[in-house]
Amino acid sequence: MPAGAQQRWLDGWMVRFSPGKAKRARCVNAVADGRSPLADRIAACARLYEQAQLPLIVRITPFTRPADLDAVLEQRGLSRFDDTRVMVLADLASLDNLPIGNTASHVGITIESSGLESFAHRVGGFRGSPLAQRQAHAERLLDSPVPFFAFEVRDRGSVVACGQFALEDDLVGLYDVFTSAPARGRGIAGLLCKQLLAQARSKGARHAYLQVEGDNHAARAVYHRLGFLDGYAYHYRTWDPATA
(Lines give C-alpha, C1' and ligand atoms only; values in the text may rest on other atoms or scores of the structure.)
Protein backbone atom coordinates (compact mmCIF):
# COMPACT_ATOMS: atom_id res chain seq x y z
CA MET A 1 0.00 0.00 0.00
CA PRO A 2 1.58 3.34 -0.98
CA ALA A 3 2.21 5.85 1.80
CA GLY A 4 -0.44 8.23 0.49
CA ALA A 5 -3.09 5.52 0.91
CA GLN A 6 -2.23 4.92 4.56
CA GLN A 7 -4.37 7.73 5.90
CA ARG A 8 -7.65 9.40 5.01
CA TRP A 9 -10.22 11.80 6.38
CA LEU A 10 -13.53 10.32 7.42
CA ASP A 11 -16.13 12.96 8.35
CA GLY A 12 -13.79 14.98 10.56
CA TRP A 13 -11.65 12.09 11.77
CA MET A 14 -8.11 11.40 10.59
CA VAL A 15 -7.85 7.65 10.09
CA ARG A 16 -4.28 6.36 9.81
CA PHE A 17 -3.43 2.73 9.06
CA SER A 18 0.28 2.30 8.47
CA PRO A 19 1.20 -1.29 9.48
CA GLY A 20 4.12 -0.26 11.70
CA LYS A 21 4.74 -0.54 15.43
CA ALA A 22 3.81 3.06 16.28
CA LYS A 23 0.15 3.14 17.25
CA ARG A 24 -0.11 6.86 16.45
CA ALA A 25 0.41 5.88 12.79
CA ARG A 26 -2.38 3.25 12.80
CA CYS A 27 -5.19 4.75 14.81
CA VAL A 28 -8.22 7.01 14.56
CA ASN A 29 -7.66 10.63 15.58
CA ALA A 30 -11.10 12.09 16.23
CA VAL A 31 -10.37 15.77 15.74
CA ALA A 32 -13.78 17.14 14.70
CA ASP A 33 -17.44 16.51 15.56
CA GLY A 34 -18.43 15.49 12.04
CA ARG A 35 -21.93 15.40 10.54
CA SER A 36 -22.85 11.71 10.41
CA PRO A 37 -24.13 9.75 13.44
CA LEU A 38 -21.35 8.65 15.76
CA ALA A 39 -22.29 4.97 15.46
CA ASP A 40 -21.95 5.19 11.67
CA ARG A 41 -18.49 6.73 11.90
CA ILE A 42 -17.28 4.06 14.33
CA ALA A 43 -18.64 1.33 12.05
CA ALA A 44 -16.99 2.91 8.99
CA CYS A 45 -13.64 3.03 10.80
CA ALA A 46 -14.00 -0.59 11.87
CA ARG A 47 -14.54 -1.60 8.23
CA LEU A 48 -11.46 0.35 7.09
CA TYR A 49 -9.23 -1.35 9.64
CA GLU A 50 -10.67 -4.75 8.81
CA GLN A 51 -9.82 -4.15 5.14
CA ALA A 52 -6.30 -3.08 6.16
CA GLN A 53 -6.02 -6.21 8.34
CA LEU A 54 -5.29 -4.09 11.41
CA PRO A 55 -7.10 -3.80 14.75
CA LEU A 56 -9.32 -0.78 15.25
CA ILE A 57 -7.50 1.62 17.60
CA VAL A 58 -8.83 5.01 18.66
CA ARG A 59 -6.60 7.67 20.20
CA ILE A 60 -8.23 9.69 22.98
CA THR A 61 -6.77 13.11 23.83
CA PRO A 62 -8.10 16.18 25.67
CA PHE A 63 -9.00 17.50 22.20
CA THR A 64 -10.99 14.47 21.01
CA ARG A 65 -14.35 15.19 19.38
CA PRO A 66 -17.04 14.50 20.27
CA ALA A 67 -16.06 15.05 23.89
CA ASP A 68 -17.91 11.93 25.08
CA LEU A 69 -16.24 9.57 22.59
CA ASP A 70 -14.13 7.92 25.29
CA ALA A 71 -17.23 7.03 27.32
CA VAL A 72 -19.07 5.79 24.23
CA LEU A 73 -16.18 3.50 23.26
CA GLU A 74 -15.97 2.15 26.80
CA GLN A 75 -19.67 1.31 26.69
CA ARG A 76 -19.04 -0.54 23.42
CA GLY A 77 -16.39 -2.70 25.08
CA LEU A 78 -13.21 -1.03 23.80
CA SER A 79 -10.55 -1.29 26.50
CA ARG A 80 -8.26 1.54 27.55
CA PHE A 81 -4.49 0.99 27.21
CA ASP A 82 -1.10 2.71 26.81
CA ASP A 83 -1.49 5.88 28.85
CA THR A 84 0.98 8.33 27.33
CA ARG A 85 2.36 11.75 28.25
CA VAL A 86 3.20 14.54 25.84
CA MET A 87 6.06 16.47 27.45
CA VAL A 88 7.20 19.93 26.41
CA LEU A 89 10.30 22.09 26.79
CA ALA A 90 9.27 25.70 26.30
CA ASP A 91 12.70 27.19 25.65
CA LEU A 92 15.69 25.27 24.31
CA ALA A 93 17.96 28.04 25.61
CA SER A 94 17.40 26.57 29.09
CA LEU A 95 19.69 23.70 28.10
CA ASP A 96 22.65 26.07 28.38
CA ASN A 97 22.29 25.97 32.16
CA LEU A 98 22.30 22.18 32.51
CA PRO A 99 25.26 20.57 34.32
CA ILE A 100 27.64 18.57 32.13
CA GLY A 101 27.25 15.43 34.24
CA ASN A 102 29.64 12.52 34.76
CA THR A 103 31.76 12.38 31.61
CA ALA A 104 33.79 9.41 32.87
CA SER A 105 31.02 7.01 31.83
CA HIS A 106 31.03 8.53 28.34
CA VAL A 107 34.64 7.70 27.44
CA GLY A 108 34.62 6.01 24.04
CA ILE A 109 31.12 7.30 23.24
CA THR A 110 30.46 8.93 19.86
CA ILE A 111 27.22 10.21 18.32
CA GLU A 112 26.87 9.97 14.54
CA SER A 113 24.15 10.80 12.04
CA SER A 114 22.28 7.93 10.41
CA GLY A 115 20.24 7.42 7.26
CA LEU A 116 16.51 7.21 7.89
CA GLU A 117 16.04 3.74 6.42
CA SER A 118 18.95 2.27 8.36
CA PHE A 119 17.69 4.04 11.49
CA ALA A 120 14.25 2.44 11.15
CA HIS A 121 15.85 -0.99 10.96
CA ARG A 122 18.22 -0.18 13.83
CA VAL A 123 15.54 0.92 16.30
CA GLY A 124 13.29 -1.90 15.09
CA GLY A 125 16.07 -4.35 15.84
CA PHE A 126 16.46 -2.95 19.35
CA ARG A 127 12.72 -3.37 19.91
CA GLY A 128 12.48 -6.80 18.30
CA SER A 129 10.04 -5.52 15.67
CA PRO A 130 9.27 -7.80 12.70
CA LEU A 131 10.59 -6.86 9.26
CA ALA A 132 7.22 -5.58 8.00
CA GLN A 133 7.02 -3.04 10.84
CA ARG A 134 10.59 -1.87 10.23
CA GLN A 135 9.87 -1.38 6.55
CA ALA A 136 6.67 0.52 7.28
CA HIS A 137 8.57 2.76 9.70
CA ALA A 138 11.24 3.47 7.09
CA GLU A 139 8.59 4.29 4.51
CA ARG A 140 6.87 6.77 6.83
CA LEU A 141 10.15 8.54 7.58
CA LEU A 142 11.21 8.77 3.96
CA ASP A 143 7.80 10.03 2.81
CA SER A 144 7.19 12.44 5.70
CA PRO A 145 6.49 16.05 4.69
CA VAL A 146 8.30 17.09 7.89
CA PRO A 147 12.07 16.39 7.82
CA PHE A 148 13.50 13.83 10.23
CA PHE A 149 17.14 13.64 11.38
CA ALA A 150 18.42 10.38 12.88
CA PHE A 151 21.44 9.63 15.06
CA GLU A 152 23.20 6.61 16.59
CA VAL A 153 25.31 6.38 19.73
CA ARG A 154 28.36 4.15 19.50
CA ASP A 155 30.37 2.79 22.39
CA ARG A 156 33.82 1.94 21.04
CA GLY A 157 32.26 1.22 17.66
CA SER A 158 29.15 -0.72 18.73
CA VAL A 159 25.75 0.95 18.45
CA VAL A 160 24.16 1.14 21.91
CA ALA A 161 21.44 3.78 21.43
CA CYS A 162 19.61 5.75 18.80
CA GLY A 163 17.13 8.58 18.42
CA GLN A 164 15.77 11.06 15.94
CA PHE A 165 13.99 14.38 15.74
CA ALA A 166 11.41 15.96 13.48
CA LEU A 167 11.75 19.65 12.73
CA GLU A 168 8.92 21.98 11.74
CA ASP A 169 9.70 25.70 11.79
CA ASP A 170 10.92 26.43 15.35
CA LEU A 171 9.38 23.29 16.89
CA VAL A 172 11.33 20.05 17.34
CA GLY A 173 9.93 16.68 18.36
CA LEU A 174 12.08 13.87 19.76
CA TYR A 175 11.16 10.38 18.56
CA ASP A 176 12.35 6.79 19.00
CA VAL A 177 14.97 7.48 21.67
CA PHE A 178 16.09 3.99 22.65
CA THR A 179 19.05 2.65 24.65
CA SER A 180 19.99 -1.02 24.54
CA ALA A 181 19.56 -2.82 27.86
CA PRO A 182 23.30 -3.38 28.58
CA ALA A 183 24.04 0.34 28.11
CA ARG A 184 21.35 1.71 30.40
CA GLY A 185 22.14 3.55 33.62
CA ARG A 186 25.15 5.41 32.19
CA GLY A 187 23.44 8.64 31.20
CA ILE A 188 23.60 7.82 27.50
CA ALA A 189 19.95 8.67 26.84
CA GLY A 190 20.38 12.11 28.38
CA LEU A 191 23.56 12.68 26.39
CA LEU A 192 21.82 11.68 23.17
CA CYS A 193 18.79 13.88 23.85
CA LYS A 194 21.04 16.88 24.51
CA GLN A 195 22.78 16.25 21.20
CA LEU A 196 19.46 15.90 19.33
CA LEU A 197 18.17 19.14 20.84
CA ALA A 198 21.44 20.95 20.15
CA GLN A 199 21.34 19.84 16.51
CA ALA A 200 17.73 20.99 16.21
CA ARG A 201 18.54 24.30 17.87
CA SER A 202 21.32 24.91 15.34
CA LYS A 203 18.65 24.50 12.64
CA GLY A 204 16.38 27.11 14.21
CA ALA A 205 14.35 25.16 16.78
CA ARG A 206 13.28 27.04 19.91
CA HIS A 207 10.70 24.73 21.51
CA ALA A 208 10.58 20.93 21.94
CA TYR A 209 8.12 18.13 22.63
CA LEU A 210 8.18 14.36 22.97
CA GLN A 211 5.84 11.49 23.82
CA VAL A 212 6.53 8.82 26.43
CA GLU A 213 4.48 6.13 28.13
CA GLY A 214 3.22 7.28 31.49
CA ASP A 215 4.72 4.32 33.37
CA ASN A 216 8.18 4.63 31.76
CA HIS A 217 9.57 6.26 34.87
CA ALA A 218 13.24 5.94 33.88
CA ALA A 219 12.73 7.78 30.60
CA ARG A 220 10.50 10.39 32.20
CA ALA A 221 13.22 11.07 34.80
CA VAL A 222 15.71 11.72 31.99
CA TYR A 223 13.33 14.13 30.29
CA HIS A 224 12.51 15.92 33.54
CA ARG A 225 16.24 16.47 34.14
CA LEU A 226 16.42 18.10 30.72
CA GLY A 227 13.64 20.48 31.71
CA PHE A 228 10.64 18.82 30.02
CA LEU A 229 7.28 19.15 31.76
CA ASP A 230 4.01 17.29 31.19
CA GLY A 231 1.83 19.01 28.61
CA TYR A 232 -1.12 16.61 28.41
CA ALA A 233 -1.98 12.93 28.55
CA TYR A 234 -3.66 10.64 26.04
CA HIS A 235 -4.52 6.97 25.74
CA TYR A 236 -5.87 4.46 23.24
CA ARG A 237 -8.92 2.21 23.09
CA THR A 238 -9.36 -1.04 21.22
CA TRP A 239 -11.37 -4.23 21.59
CA ASP A 240 -8.34 -6.38 22.40
CA PRO A 241 -5.18 -4.57 23.56
CA ALA A 242 -3.20 -7.81 23.23
CA THR A 243 -3.60 -7.62 19.43
CA ALA A 244 -2.80 -3.90 19.22
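User: Buried means under 20% relative accessible area, and exposed means over 50%. Which residues of helix H3 are buried?

Analyst: This is a predicted model, and in it the buried residues of H3 are Leu116, Phe119, Ala120, Val123 and Gly124. Seen down the axis of H3, these buried residues fall within an arc of 130°, so they line one face of the helix.

User: What do the buried residues of H3 pack against?

Analyst: They pack against helix H4 (131-143) and against the strands E6, E7, E8 and E9. Helix H3 itself, residues 116-127, lies across E6, strand E7 (148-155), strand E8 (158-168) and strand E9 (171-179). Its direction runs at about 125° to that of E8.

User: How far apart are the end C-alpha atoms of H3?

Analyst: They are 16 Å apart. At 1.5 Å a residue, the 12 residues of H3 should span 16 Å, so the two values agree.

User: Which residues other than glycine have a positive phi?

Analyst: Two examples may be given. Gln53 has a positive phi of about 60° although it is not a glycine, and Asp169 has a phi near 55°. Gln53 lies in the loop between H1 and E4, while Asp169 is found in the loop between E8 and E9.

User: Is Gln53 buried or exposed? And Asp169, buried or exposed?

Analyst: Gln53 has a relative accessibility of 75%, so it counts as exposed. Asp169 has a relative accessibility of 68%, so it also counts as exposed.

User: Changing topic: what is the strand order in the sheet?

Analyst: The sheet is open and has 11 strands, in the order E1-E2-E3-E4-E11-E5-E10-E9-E8-E7-E6, with mixed pairing. At its edges are strand E1 (7-10) and strand E6 (109-114), each of which pairs on one side only. From one strand to the next, the twist averages 25°.

User: Which helix packs on E1 and E2?

Analyst: Helix H1, residues 38-51, packs on the sheet there. H1 touches E1, strand E2 (13-16), strand E3 (28-30) and E4, and its direction makes about 15° with that of E2.

User: How many bridges join E4 to E11, and how do the two strands run?

Analyst: Strand E4 (residues 57-60) and strand E11 (residues 229-238) run antiparallel and are joined by 4 bridges. Within this pair, Val58 stands opposite Arg237 in E11.

User: One more topic: how many disulfides does the structure hold?

Analyst: The structure holds 0 disulfides. Cys27 is in no disulfide, and the nearest cysteine sulfur belongs to Cys45, 10 Å away.

User: Is Cys27 buried or exposed? What about Cys45, buried or exposed?

Analyst: Cys27 is buried, with a relative accessible area of 0%. Cys45 is buried as well, with a relative accessible area of 1%.

Notes
Residues are numbered from 1 along each chain as its sequence is written. This is a predicted model: local features need pLDDT of at least 70, side-chain atom pairs count only at pLDDT 80 or more; totals for chains, interfaces and linings use all residues. Side-chain values use heavy atoms; hydrogens and water are left out. A disulfide is a pair of cysteine sulfur atoms within 2.5 Å. Buried means under 20% relative accessible area, exposed over 50%, partly exposed in between (1.4 Å probe, protein chains only). Two strands pair if DSSP finds at least two bridges between them. Axes are lines fitted to C-alpha atoms, for helices over the stretch in contact, and angles run from 0 to 180 degrees between N-to-C directions. Contact means heavy atoms within 4.5 Å. The expected span of a helix is 1.5 Å times one less than its number of residues. The arc is that of the directions from the helix axis to the C-beta atoms.
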